[in-house]
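Open the model in a viewer that lets you select by chain and residue number. The stops below say what to select next and what is there.

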There are 2 protein chains.
Amino acid sequence: MTTQEILIRARQEAQKPYPSNQVRNKALSEMADALIARTDDILAANAKDCEASSGILSPVMMDRLLLTASRIQGMAQGVRDLIALEDPCGRILNTHVRMDGLAIEKVSVPMGVIAIIYESRPNVTSDAAALAVKAGSAVILRSGRNAWESANAIVKALREGLAKAGISEDRIQLVEDKSHDSAAELMHAKGYVDLLIPRGGAGLIQACVREATVPCIETGTGICHVFVDEDADQDMALSIIENAKTSRPSVCNAEEVLLVHKNILDSFLPKLKDRLENGKHPVELRLDEACRKVIGGKAAGEKDFDTEFLDYILAVGCVENVDAAIAHINTHGTHHSDAIITRSIPNAEAFSRGIDSSCVYVNASTRFTDGGEFGLGCEMGISTQKLHARGPMGLEELCTYKYVIHGNGQIR
Amino acid sequence: MTTQEILIRARQEAQKPYPSNQVRNKALSEMADALIARTDDILAANAKDCEASSGILSPVMMDRLLLTASRIQGMAQGVRDLIALEDPCGRILNTHVRMDGLAIEKVSVPMGVIAIIYESRPNVTSDAAALAVKAGSAVILRSGRNAWESANAIVKALREGLAKAGISEDRIQLVEDKSHDSAAELMHAKGYVDLLIPRGGAGLIQACVREATVPCIETGTGICHVFVDEDADQDMALSIIENAKTSRPSVCNAEEVLLVHKNILDSFLPKLKDRLENGKHPVELRLDEACRKVIGGKAAGEKDFDTEFLDYILAVGCVENVDAAIAHINTHGTHHSDAIITRSIPNAEAFSRGIDSSCVYVNASTRFTDGGEFGLGCEMGISTQKLHARGPMGLEELCTYKYVIHGNGQIR
């Protein structure tokens, strides 16, 4: 099928009344069952993908591409977990009854058609499709090339699940055209795509933000900071920094830059060096001049304070005070997640007010920025923009609203 | 000043902590006073604009451009009316305290920098600036050329008001470059503009939606429908249609298309013709074949069901039933405001569920789609898109949110 035909089918599907929560939940249950039932087919397809990518992708990327029976079980469980979540559609967000009796209700409704362009992580196929189904929308998936066979096998299973629940298979469609044209077509499908979400590296996301004429949400890139204030509990700071940097360095909520108040360089930096260089995963420190004077080590390069390393590397800089930290973070950060470690209430307030990021932490690790950790039950990604959704996007953020107004002949 | 310099100043201003509601309200009061105090200067500037546009603009556009002392008083009152409205910033939208004590607060915050590109209506200058100030953001205004002198005089007064309240004048800036380049610069000011709102005709809006790489909200175009169902109260229908079509035909919430159930053509159309052709402002009916068979008259052209007339013209078509009406409206409408006139609860429900528009009316006029009428106290425009804001955009829709997370050393 051409991408244009896929777009038309999705639009038609989205214009029908959306299925009840009960029917959507039934579909999720059937989709999860189908993933399990089709495990062998999915693994066979994935083996083709892995073979084709062998020697081309890095070991980390190969690991992301690889499926196992247990990973498929995890995907199925992820789909099933959505069933218990509250229906995001049909919530009355606001009610206003006018003096003349006109009753104005603001009610949440499905977005319509959601398109997801993503890279070669097969689990995104089922995650994104299931979220869209629960949110009442039709979804168009455009997988990365390296996971093409896996994505096809997964979508086949998911569509079987939809059919068993009596929902049109057009609610989940996979783009068949592997070329860049199909991604561009989705980005420009005005009137067909209500929301485009890119999931993947910075290159993909920026291309979507730059090119798309359909509404698009910028996700993911995280140059996250931790600022250790003058009077911080230094043991707490070390523990938070270690966690934010090393617990999972490849994700967007991992710390990339550490800023230290100038008055504690002598007391804090030696402990930091000791903790991070001798941990389970040694961290390479790249330090500015003031910090190097205290503990020596590698000098930070020009770009190190503007880089999402996604690796066991940490840029370390010295700042005058909390205001300088705020200014640095607002200039060099990506408006994702930033933390202050302090005992000062005024500084904590200045930081949480002044930092222009989706998530601002006081005395906690940046690693908590996640739909599950935030109690949303799931997430489609982390928005780093300000429009519509900011931070973890759960089911509510995949919905829009409309006003339904009941009268008995009112005129203006 | 170059547009680039203006952008930098706005960004710097937006990165400072935003003023308290008290200070913003003081600024609004001073801005209103300054508009009154500068009435003579504003009228003189407006006279230059009107002279330059004389013979070029249509009478309707000339009337929109013209300022009088009483219109300036109206603008000042509009600014003052915002003072009483609740502060849209700093509202706690959600709170989630985890088992480990981590407290996650979702709190509304100013958008940052809002850019408005608009056409030659001088009152938009003060309306938009005042809304942005109340919403805690810095605003960059880019006026249409024909109102250039008026906009300059108005902004001068507004900035005097800011200064008197002790707020930086950079919170309200007017683009100085009259060329199209400056509009393009705003559309592409990634990192400087957090929200772009075009206000004006369809051409301007579509150019912004197509070109902008900064987040942009599509506003305004309204091909609004009224569907008269088989069992409608026909007197109510006539009164609503007359109101929706003739009370102010030049605005986006005016009716442009009437759909009539096929079973009531004979009983309803003669009354419609009588009511609309003989009213205070006679309406030209453009009818499809089925309707013409009953009352004769002008045949609808090919584009008449896809046109925002903004005039005393109404396209009239016949539909099979409520489902056909829904399908027609979702295909030919602009997702703005659409109404059903019916006594049937199932049809009312099918319509309000099935119509993919920001405002769906049952037995009331589409003309109510307006921030003031909806109880928002004000509005920046009517969004016809689904992301972030839909329908009338008030102060809340000019804000974003962030998560502020307080811990005592939590790690993940």
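## Between the two domains of chain A

By the salt-bridge rule, two salt bridges cross the interface of domain 1 of chain A and domain 2 of chain A. On the side of domain 1 that touches domain 2 of chain A, the residues divide into one nonpolar, one polar and four charged. The model is a predicted one.

To colour the two parts, select 3–218 + 385–406 of chain A as domain 1 and 224–368 of chain A as domain 2. Their centres, taken over C-alpha atoms, are 35 Å apart. Six residues of domain 1 of chain A are in contact with six residues of domain 2 of chain A. The area buried between these two domains is about 410 Å², with 40% of it on carbon and sulfur atoms. Two residue pairs are in polar contact across this interface, both at pLDDT 80 or more.

Now select A:Lys386 and A:Asp356. They form a salt bridge in which the closest N and O atoms are 3.1 Å apart. Side chains of opposite charge can pair when their charged atoms come close.

## From chain A to chain B

Next, show the whole interface of the two chains. Chain A gives 72 residues to the contact and chain B gives 71 residues. Together they bury about 6100 Å², and carbon and sulfur atoms give 51% of that area. On the chain A side, the residues that lose the most area to chain B are A:Lys386, A:Leu387 and A:Arg412, together 14% of what that side buries.

How many salt bridges are counted between chain A and chain B? The count is twelve. The rule for polar contacts finds 43 residue pairs across this interface, both residues at pLDDT 80 or more. Among the elements of chain A that give two or more residues to this side are α1 (3–15), α9 (202–211), α10 (234–246) and β16 (399–410). The largest share, eleven residues, comes from β16(A). By class, the side of chain A that touches chain B has 29 nonpolar, 25 polar and 18 charged residues.

For another pair, select B:Arg98 and A:Glu373. Their side chains meet in a salt bridge of 2.7 Å, N to O. This pair crosses between chains: B:Arg98 is in the loop between β1 (92–97) and β2 (103–110) of chain B, and A:Glu373 is in the loop between β13 and β14 (381–383) of chain A. Over all chains, the structure holds 58 salt bridges.

## A sheet that spans both chains

Switch to a cartoon view and select β16(A) with strand β13 of chain B, residues 359–364. The two strands run parallel and are joined by five bridges. In this pairing, A:Ile405 stands opposite B:Tyr361 in β13(B).

Ten strands form an open sheet with mixed pairing, in the order β1(A)-β2(A)-β16(A)-β13(B)-β12(B)-β7(B)-β8(B)-β11(B)-β9(B)-β10(B). At the edges stand β1 (92–97) of chain A and β10 (298–299) of chain B, each with a single partner strand, so one side of each has no neighbour in the sheet.

Inside the chain B part, select β7 (residues 224–228) and β12 (residues 337–341). These strands of chain B pair in the parallel sense over four bridges. The bridge partner of B:Val226 in β12(B) is B:Ala339.

## Last stop: strands in chain A

Select β9 (residues 284–287) and β11 (residues 313–319) of chain A. They pair in the parallel sense over four bridges, and A:Arg286 stands opposite A:Ala315 in β11(A).

Notes: Residues numbered from 1 in each chain as written. Chains lettered and ligands numbered in written order. Predicted model: local features only at pLDDT ≥ 70, side-chain atom pairs only at ≥ 80, totals over all residues. Heavy atoms only, no water. Domains from an automatic or database assignment. Contact = heavy atoms within 4.5 Å. Buried area = accessible area lost by both parts, 1.4 Å probe. Salt bridge = Lys/Arg side-chain N within 4 Å of Asp/Glu carboxyl O. Polar contact = N/O pair within 3.5 Å; in protein donor to acceptor, adjacent residues only side chain to side chain. Nonpolar A, V, L, I, M, F, W, Y, C, P; charged D, E, K, R; others polar. Pairing = 2+ DSSP bridges.
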